[in-house]
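Work through the following exercises with the sequence and the structure at hand. Each task is followed by its solution.

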Amino acid sequence: MATHYSSCPLCEASCGIVVETEGDQVKSVRGDDADPFSAGYICPKGTALGDLHHDPDRLRQPMRRDGETWTPMGWDDAFDYVAAQLTAVRKLHGADAIAVYQGNPAAHNLGLLTFGQLLLRSLGTRNAYSATSNDQLPHMLAALQVFGNQILMPVPDLDRCDLLICLGANPLASNGSIMTAPDMRARLAQIQARGGKVIVLDPRRTETADRADQHLFIRPGTDAVLLLAIAHELFAEGLVKLGRLAQHTRGEADLRRASAPWSPEHAAEVTGISADEIRGLARTFATTKRAALYGRIGVCTQEFGGLAAWLVYAINALTGHLDEPGGLMFTTPALDPVPVAKLLGYDGGFARWHSRVSRRPEFGGELPMSVFAEEIATPGRGQIRALITCAGNPVLSSPGGPALETALEGLEFMVSIDPYLNETTRHAHVILPPASALERSHYDAALNAFAVRNVAKYSPPVFERGPDARQDWEICAALFARLRLPKLGRGLAERLLIKFGPEGILDVALRAGPWGLRLGRKGLSLAKLEAAPHGLDLGPLTSRLPGRLGHRDRLVDLAPAIYLADLPRLARKWAQASRPTTGLVMIGRRHLRSNNSWMHNTERLVKGPVRCTLLIHPEDAAVRGLVDGGTATVATGRGKISLPVEVSDEVMRGVVSVPHGWGHGRRGTRLRVAEAHAGESVNDILDPAFTDELSGTSALTGQSVEVS
Ligand code: SF4
């Protein structure tokens with residue numbers, strides 16, 4: 001038996017784990033009590049790491065498709081073949097003809113954050129896509145507009161706040177998102193134990209709402225109206241106090257003017273939250289010394305996600321809770337992603353160009369997923385002809401899955417860097433499967449920047465990869481060398497790249513980072529982290545403004561022009577505040593044992609009651625003749641799906657909830673466990689054209705559905 005101290009790379013929480021192995025077998029995975037951040041916590045997904053490693057469906061060598069037949073091939077042959085195909089497309093149609101798509105797991109993977117970016121960004125294509133535009137894009141846009149850098153997203157100082165307001169967030173299921181915080185249950189309980197409060201606003205009484213001191217149902221897609229009313233109340237009642245940041249902000253008067261028309265009474269009609277409750281929220285938040293307003297996925301993925309994400313930051317600033325202990329704070333990560341992203345060309349920017357067909361804006365060098373299928377399917381100059389996907393399954397995770405599948409079938413060439421033959425990669429011509437998560441090292445380069453404490457931890461691989469396996473970064477290095485380096489000396493350059501590896505980049509970045517070497521100080525380095533296998537606690541978050549701001553004038557912009565210009569759209573929508581009395585709108589939901597589409601091939605995580613169900617309020621069920629355990633058809637203009645019904649008052653009237661990431665019943669995949677628990681893909685019926693027009697983000701929340 002051997003004992004390894006490591007980190008779970010499956011989600012943002014980065015829990016410390018102890019992996020016990022015997023030979024090449026994982027015997028157990030448990031929480032690491034000595035990890036200073038997670039202190040022994042682990043969720044069910046973490047315990048399944050061994051299942052993923054041993055999963056017989058996980059691909060272990062490159063595969064090439066001929067019709068519906070897959071044939072294994074050698075690594076060098078695969079690299080040469082892929083490079084030749086991509087080069088041919090590029091020569092014939094130009095750089096934009098090759099698209100790239102990256103899924104969420106890329107953000108948890110040091111190799112893909114370094115060498116993956118090197119490959120994908122060096123292709124010089126405008127057709128870059130990722131899960132960002134189905135997820136956190138509005139927060140990043142708000143960070144760019146308000147603080148001057150898209151990575152500067154502040155997080156709740158959870159361990160010191162006395163009031164946490166969660167809007168469209170369910171951290172008990174996610175363990176924090178853009179708020180790296182293992183064991184949310186304990187952290188929320190600690191707020192309450194010290195006399196503080198947790199308030200949740202959500203169209204569903206979520207797991208977090210269940211443990212909160214107060215839960216208010218809010219109608220989907222109306223968060224921006226609620227937040228404007230809170231800002232209105234803060235100004236009207238003289239509750240605005242910028243505090244230390246007063247001299248480091250601009251736009252207060254513009255924000256006052258912008259919020260003036262949005263009274264709590266008007267917001268009450270729109271949101272379903274009473275005017276008194278809105279006033280109470282504003283007053284309680286403003287008068288609690290240590291308080292944080294936290295908004296997450298429900299805030300982002302809706303028709304007015306851009307406005308809502310901006311207002312979350314603005315309200316924290318107006319009440320003196322920005323950059324103060326117990327409020328919304330910035331981290332001091334050991335590997336500072338701000339300069340690194342700049343180096344990789346991921347330095348922010350918005351609407352510098354627009355998509356070819358629907359004219360949607362670029363953000364951070366990427367186009368939104370809402371235009372992905374049409375950019376493949378629409379002929380003309382700049383049409384996508386080839387695609388590289390990396391750690392993603394957009395057929396299940398992006399609205400308009402069937403249209404995307406049809407589009408993928410028309411590609412001249414597609415290669416997927418992915419361990420599974422799944423609903424997306426089955427359309428690839430070649431799959432390049434990386435070694436398992438336990439065969440690679442881990443340092444959470446991106447997500448430590450959103451941790452509620454400053455922490456740093458490096459974990460070596462639990463298993464050395466076999467001679468016939470390749471790390472994902474090795475795959476990217478091999479393709480980069482073949483696609484972007486001159487033939488002469490290419491082999492040597494590739495060997496040098498691989499010798500330096502992600503660890504070489506990590507070491508340099510740590511030494512150059514805020515905790516690194518300074519004159520007369522021995523700071524952090526990779527060697528120091530290697531000597532601390534449980535990780536290092538670098539202390540609580542500290543105030544970082546104005547130094548951290550990216551705007552040239554070093555000011556927080558409370559009222560960026562793009563948001564002021566978008567307010568008339570919101571006003572038009574709610575000109576006559578209407579409460580829909582008929583019809584239903586849909587929201588998603590997350591489960592602790594699920595992570596988008598890719599944790600469904602392990603029995604441990606899918607066993608038990610069916611989770612891909614339609615949640616519906618008893619009164620809405622009754623008028624439609626639906627009963628608990630029966631079957632409902634959910635239809636939109638894009639199609640329909642049938643799901644088991646769960647009747648429950650945990651969703652508000654007028655709202656139904658269906659989780660995403662299911663729909664594993666498609667032919668031609670190799671996911672035997674997932675197939676047996678297939679469920680339906682809600683993205684088969686979600687309309688990709690329903691977006692936040694400002695940011696281009698998919699509006700996954702608040703689409704109208706017919707249920708029968
Ligand atoms: S919360 Fe679960 S999935 Fe996320 S890092 Fe911790 S153990 Fe892994």
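**Exercise 1.** Determine how the residues of the shell around the ligand divide into nonpolar, polar and charged.

Solution. The model is a predicted one. First list the surroundings of the ligand: Cys8, Leu10, Cys11, Ala13, Ser14, Cys15, Ile42, Cys43, Lys45, Gly46, Asn175 and Pro182. Then sort them, with Cys and Pro counted as nonpolar and Gly as polar. The shell comes out as eight nonpolar, three polar and one charged.

**Exercise 2.** Decide whether helix α5 (residues 137-147) is enclosed or open, and find what covers its buried residues.

Solution. Take 20 or more other C-beta atoms within 10 Å as the cut-off for a buried residue. In α5, 11 of the 11 residues are buried, so the helix is largely enclosed by the rest of the structure. Among the buried residues are His139 and Gln145. Their cover includes α13 (297-300), α14, β15 (350-354), β16 (361-363), β22 (556-557) and α22 (561-573). After α5 comes Gly148, with a positive phi near 90 degrees.

**Exercise 3.** Identify which members of the largest nonpolar core touch the most other members.

Solution. The core holds 226 residues, and Leu311 and Val656 have the most contacts with other members. The top contributor to this core is helix α14 (residues 305-318), with 11 residues. Leaving out residues up to four places away in sequence, Val656 touches Leu584, Met586, Leu614, Leu615, Ile616, Val651, Val705 and Val707.

**Exercise 4.** Trace the strand order of the closed barrel.

Solution. Six strands run β23-β27-β24-β26-β25-β28, with mixed pairing. From one strand to the next, the twist averages 45 degrees. β23 (residues 584-587) and β27 (residues 655-657) are parallel, paired over three bridges. Val585 lies opposite Val655 in β27.

Note on methods: Residues are numbered from 1 along each chain as its sequence is written. This is a predicted model: local features need pLDDT of at least 70, side-chain atom pairs count only at pLDDT 80 or more; totals for chains, interfaces and linings use all residues. A residue is near a molecule or strand if its C-beta atom, placed from the backbone, lies within 6 Å of it. A nonpolar core is a set of buried Ala, Val, Leu, Ile, Met, Phe, Trp, Tyr and Cys residues joined through C-beta atoms within 7 Å. A residue is buried if 20 or more other C-beta atoms lie within 10 Å of its own, exposed if 12 or fewer, and partly exposed in between; C-beta atoms are placed from the backbone. Helices (H or I, at least four residues) and strands (E, at least two) are DSSP runs, numbered from the N terminus. Two residues are in contact if their C-beta atoms, placed from the backbone, lie within 7 Å. Two strands pair if DSSP finds at least two bridges between them. Axes are lines fitted to C-alpha atoms, for helices over the stretch in contact, and angles run from 0 to 180 degrees between N-to-C directions.
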